[in-house]
Amino acid sequence: MVDEVKRDLDGASNLLVIGILPMDAAATLDLRNQLRAKGARLRVIHNRISAHALDEARRPLGELFDHTTGLTLVPGEEPDMGSIARTLVEIARKKRIEIRGGFVEGQVLDKGGVELLATTPDKKTLRGMLCGALLGPARGIAAALAAVPAGLARCLNARIEKLPPEGDAAAAPAPAPAPAAPENTQ
């Protein structure tokens, strides 16, 4: 059994550890279905077996399995661990499970770390926010650079509108020359 659990834990780069509080079969099935919908692989492990199965990188997780009663549920590898953490936090609020901690992308998390993971946006949202933050100043510079020629074009257009049309200038009579001053003949 230890070898089988060790294979499962070695194959998972992300896992969350929870303690199951007393619940009936329907509640357990509901818990499994909710996590399965998020793509989580569930594994119920006895606490003593899990302590023997943890590899050196995840040895700190052994403390999460200590002093637990009953069984421990471990969701397996999933690209969006934040989504799984949100689901687990919601279920924990209903007093069905106890969040212990986890191992996500090389970091050991305690209960607070899992709750923080549940509140952070997913990777797609974070990438979108980053792109928006990077493109915002560039968009402002582009708008400022485009405003200079646009302003010049508006000024020239306003000046052209104030000038008389070309056809009217040719049809209008030329102004009469100013009268010459009388010559003094003395």
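## Buried, exposed and in between

A residue counts as buried when its relative accessible area is under 20%, as exposed when that area is over 50%, and as partly exposed in between. Keep these cut-offs in mind while looking at this predicted model.

Glu98 has a relative accessible area of 34%, so Glu98 is partly exposed. Arg100 has a relative accessible area of 16%, so Arg100 is buried.

## One salt bridge

Side chains of opposite charge can pair when their charged atoms come close. How many salt bridges does a search of the whole structure find? The search finds one.

Glu98 and Arg100 form a salt bridge. Their closest N and O atoms are 3.2 Å apart.

Strand β4 spans residues 97-104. Is this strand mostly covered or mostly open? It is mostly covered, with seven of its eight residues buried.

β4 pairs with strand β1, which holds residues 15-20. The pairing is antiparallel and runs over six bridges. Here Gly19 stands opposite Glu98 of β4.

β4 also pairs with strand β5, residues 107-110. This pairing is antiparallel too, over four bridges. Gly101 stands opposite Asp110 in β5. Two residues lie between β4 and β5, and the two strands form a hairpin. In the turn, Glu105 has a positive phi of about 50°.

Helix α6 covers residues 111-119. Which of its residues are buried? They are Gly113, Val114, Leu117 and Ala118. These residues cover an arc of only 145° around the axis, so they sit on the same side of α6. Leu116 and Thr119, on the other side of α6, are exposed.

What covers the buried residues of α6? The cover includes β1, α5 (81-93), β4 and β5.

## The nonpolar core

The largest nonpolar core has 20 residues. Which of them touch the most other members? They are Leu16, Leu35, Ile84, Leu88, Ile97 and Ile99.

Several elements give two or more residues to this core: β1, α2 (25-37), α5, β4 and α6. The largest share comes from α5, with seven residues.

## Putting it together

β4 pairs with β1 and with β5. β4 is among the elements that cover the buried residues of α6.

Terms used:
Residues numbered from 1 in each chain as written. Predicted model: local features only at pLDDT ≥ 70, side-chain atom pairs only at ≥ 80, totals over all residues. Heavy atoms only, no water. Salt bridge = Lys/Arg side-chain N within 4 Å of Asp/Glu carboxyl O. Buried < 20%, exposed > 50% of the residue type's maximum accessible area, 1.4 Å probe, protein only. Pairing = 2+ DSSP bridges. Arc of directions from axis to C-beta. Contact = heavy atoms within 4.5 Å. Core = buried A, V, L, I, M, F, W, Y, C linked by side-chain atoms within 4.5 Å.
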